[in-house]
Amino acid sequence: MRSDYCAEMTLASLNQSVTVCGWIDRRRDLGGVIFVEVRDRSGVIQVVLDPDQFPAAQGLRSEFVVQITGILSKRPPESVNPKLPTGDFEIKAQGLTILNRAKTPPFSITDDQEVDEKLRLQYRYLDLRRPQLQAKIRLRHRIVQVIRGYLEANGFIEIETPILTKSTPEGARDFLVPSRVNPGEWYALPQSPQLFKQILMVAGFDRYYQVARCFRDEDLRANRQPEFTQIDLELSFVDQEDVIRLNEALIQEIFLQIKGVAIEAPFKRLSYKEAMDRYGSDKPDTRFGLELIDLSSLFQGTGFKVFASVLASGGVIKCLTIAGGDEKISNTRIKPGGDLFNLVCQFGAKGLAFIRVRGTQAEPQLETIGALKDSLTAEKIQHLLATTQAQPGDIILFGAGPRAVVNEYLGRLRLFLGAELGLIDPERNDLLWITEFPMFEFNPTENRLTAVHHPFTAPHPEDLDNLAEARALAYDVVWNGEELGGGSIRIHQREIQEKVFAALNLDMDQAREQFGFLLEAFEYGAPPHGGIAYGLDRMIMLFSHAESIREVIAFPKTQKAQDLMSGAPAGVSNRQLADLQVRSTYQPGLNQ
C-alpha cells in the first residue's frame with residue numbers, strides 16, 4: 001500500500017511518485033491550499049493538497065488514517081523546516097484515500113504535552129504513537145539486536161526455557177497457576193531461568209542465551225514490574241575472569257553501536273566491602289568523589305557521649321566532607337524538620353552531627369555543638385582535618401550507628417548532595433565490577449541465613465570451611481550508580497550444593513523435593529559453569545534517559561500491577577474456577 005516511509009525519503013525519489021500511509025499529525029487550511037503532516041513510525045512529512053481536487057481534505061482531522069500518493073518535491077526556501085529530517089521535502093498530492101476516521105483523542109499525540117500517566121496507560125495504543133515512546137521502543141529493538149549479534153558471533157545458542165515451572169521457596173513470591181489436568185497441583189511462573197540454564201550446561205549446550213520473560217509477585221516500587229525481561233547468559237568451562245572478560249566486550253559493543261562511545265576495558269573493580277565502606281552502596285556512582293570516611297578510631301576515647309555509646313556497642317562513626325558546604329548547607333537543613341535530616345532519617349539515622357570549618361588554613365576554627373567540639377583535643381582536631389582533608393569553608397557531616405545503617409544513609413546523602421551540588425559529570429560513563437559479595441545475610445524475620453544472590457552461587461574456594469562467613473563468586477556490573485546486570489560462578493558439585501542448602505536451613509528432604517533433579521544432574525558430569533543476567537528494561541531506561549521503566553515497555557503495568565488498558569487483572573467465572581477445582585476465599589470488604 002506504500003512505497004516509502006514518511007521520514008525515509010531521499011533525493012533519489014525527488015520528482016518521482018511516492019505513496020505514504022500513516023496518521024494525520026497536523027492540518028492547516030490556508031483557504032486555497034491545505035497542508036497536512038502525515039506521521040508513521042519513521043517520522044512525519046508534509047503533504048500539500050488542493051481542496052478543489054480533494055474535497056475530502058477539508059474533513060481531515062488528527063489521527064485519521066490515510067494513504068496519500070503524490071510527487072516528492074523540494075519545498076520553497078521560505079517554508080523549509082530545519083527541525084524535521086524531511087523539512088526540505090513535501091509531497092504534492094495526486095491521490096488521497098481515507099483508510100479510517102478517528103475520534104478526537106483524549107490527549108495530543110505530541111511529546112511537548114504533559115499527560116497524566118494513568119490516562120496514558122489507559123490509552124496506551126495512542127501513547128505509543130508519540131515520537132518519544134516510539135524512539136524508546138525502537139532503541140529497545142536495536143539493543144537486543146546488538147546483543148544477539150554479539151552472542152551469536154561468539155558461539156552462543158538461543159534456547160527457550162519453560163514458562164510453566166515449579167514453585168520454590170527461595171527468592172521473591174511466585175505467581176502461581178493452577179493445573180486443570182492435575183487437580184490440586186500448581187505451576188509457578190519463573191522468576192528467572194536459573195535452574196534450566198544450569199541444566200542446559202549439564203546437557204552440553206555450553207554457551208546459552210535467552211531474551212527471557214520473568215515474573216515476580218512482589219510489592220511494587222517505582223521501577224519494578226511484575227513481569228520483566230532479562231538478557232540471560234550461561235557458559236561452561238569458565239571461571240569468573242572468563243565471564244567478566246566476555247561481558248566487558250559485550251558492553252563495549254553495546255556502547256559503541258548504540259551511543260558511538262568507546263569504553264575502555266578492563267573495567268574498574270571494587271570488592272563489596274570496599275564499595276560499601278567507601279560509597280555506602282554496592283552499586284556506587286563513581287563519577288564523583290565525596291567518599292565516606294571512617295573516623296571510628298579518631299573518636300575512640302573522646303568524651304562525646306553519643307559517639308562513645310555507638311562505639312561501645314560495636315558501631316562506627318563516618319563522615320562526608322562537603323567542599324564549600326559551610327555556605328551551601330544551612331543549619332536549618334541539618335536540624336529536625338530539614339530536608340537533609342528527613343532524608344537520612346528515612347534510612348535509619350537519628351540525626352546528623354556536623355562541624356563547620358572556619359578561620360584560615362593556618363588557624364582553622366571549628367564551629368559545632370559544644371559537646372562535640374569540646375571532646376576534641378588540639379591533636380585530635382589536626383588529625384580530623386588531615387583525615388577528612390577539610391579546609392576553611394567546608395562542612396563535615398557525621399553518621400553514627402551500626403555499620404550497615406550508617407553506610408546506607410550516608411550513601412543516600414552522598415548521592416543527593418552530589419546531584420544538588422553539581423558534582424556529577426553527566427557525560428561520563430563509569431563502568432565497574434563489584435565482586436566478593438557475601439554468600440549469605442541474616443534475615444531477622446525468618447531468623448535464618450538467606451542467600452544474597454541465590455542458593456546456586458558458588459562460594460569462594462578459600463571459604464568452604466566457614467560458609468556462614470563465605471564470600472561468593474558473584475559479580476555485578478554497575479554503570480553510573482545503576483546495576484546493569486549480575487551473575488556468578490555456579491555450584492556444579494552435589495556435595496557443595498547440599499552444604500549450601502544446609503547453611504540455609506533447608507533439610508535434605510526439602511532439598512530433594514524442590515531441587516532433586518538438579519542435585520541428580522550434578523552426578524552425571526556437570527561442568528564448571530557461570531553466567532550473568534541483564535535487566536533489559538533497566539538497561540533501555542538508562543540508555544534512553546527515561547525516568548521510569550514503564551517508558552520503555554510497550555504495555556507496562558501500574559505500581560498496583562494493573563493493566564489500565566485491558567483491565568487486567570480481572571475476575572473469572574465460577575465455571576472457570578470449577579474447571580480448575582479451586583475456589584476463591586476473597587470477600588470484598590473483608591480481605592482488604
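Q: Strands are DSSP runs of E with at least two residues, numbered from the N terminus. Where does that put asparagine 15?
A: This is a predicted model. Asparagine 15 sits in the segment before strand S1, which covers 17-29.

Q: What makes the backbone of asparagine 15 worth a remark?
A: Its phi is positive, about 70°. Yet the residue is not a glycine.

Q: Why are H14 and H15 called roughly antiparallel?
A: Helix H14 (residues 494-503) and helix H15 (residues 508-521) pack at about 150°. Angles over 145 degrees count as roughly antiparallel. The pair is therefore roughly antiparallel. The two axes lie 11 Å apart.

Q: Which residues make the contact between H14 and H15?
A: H14 supplies Arg494, Gln497, Glu498 and Phe501. From H15 come Met508, Ala511, Arg512, Phe515, Leu518, Leu519 and Glu520. Sorted by class, the contact of H14 with H15 has six nonpolar, one polar and four charged residues.

Q: What is the hand of the crossing of H14 and H15?
A: H14 passes H15 in a right-handed crossing.

Q: Which residues make the contact of H3 with H5, and how do they divide by class?
A: On H3 they are Leu139, Arg142, Ile143, Val146, Ile147, Tyr150 and Leu151. On H5 they are Leu246, Ala249, Leu250, Glu253, Ile254, Gln257 and Ile258.

Q: What makes H6 oblique to H13?
A: Helix H6 (residues 272-279) and helix H13 (residues 403-420) meet at about 60°, their axes 8 Å apart. Roughly parallel means under 35 degrees, and roughly perpendicular starts at 65. The angle of about 60° lies between those limits, so H6 is oblique to H13. Met276, Asp277 and Tyr279 of H6 touch Arg403, Asn407, Gly411 and Arg414 of H13. That contact has two nonpolar, two polar and three charged residues.

Q: What is omega for the cis bond from alanine 568 to proline 569?
A: Omega is near -5°. Proline 569 belongs to the loop between helix H16 (536-544) and helix H17 (574-580).

Q: How many cavities of 30 Å³ or more are there, and what lines the largest cavity?
A: The count is one. The largest cavity holds about 40 Å³. Its lining consists of Leu121, Arg124, Phe555, Pro556, Asp563, Leu564 and Met565. By class these are five nonpolar, no polar and two charged.

Q: What is the volume of the second largest pocket, and which residues are the closest to its centre?
A: The volume is about 650 Å³. Of the 13 residues in its lining, Phe175, Leu176, Asp217, Pro569 and Ala570 are the closest to the centre. The lining divides into ten nonpolar, one polar and two charged residues.

How values were computed. Residues numbered from 1 in each chain as written. Predicted model: local features only at pLDDT ≥ 70, side-chain atom pairs only at ≥ 80, totals over all residues. Heavy atoms only, no water. 1 Å grid on protein atoms, 1.4 Å probe; cavity = no way out; pocket = protein on both sides within 12 Å on 5 of 7 lines; lining within 4 Å. Points joined across faces, edges and corners; volume = space filled by probe spheres on them. Nonpolar A, V, L, I, M, F, W, Y, C, P; charged D, E, K, R; others polar. Axes fitted to C-alpha atoms, helices over the stretch in contact; angles between N-to-C directions. Helix = DSSP H or I, 4+ residues; strand = E, 2+ residues; numbered from the N terminus. Parallel < 35°, antiparallel > 145°, perpendicular 65-115°, else oblique. Left-handed = near helix turned anticlockwise from the far one by under 90°. Contact = heavy atoms within 4.5 Å.
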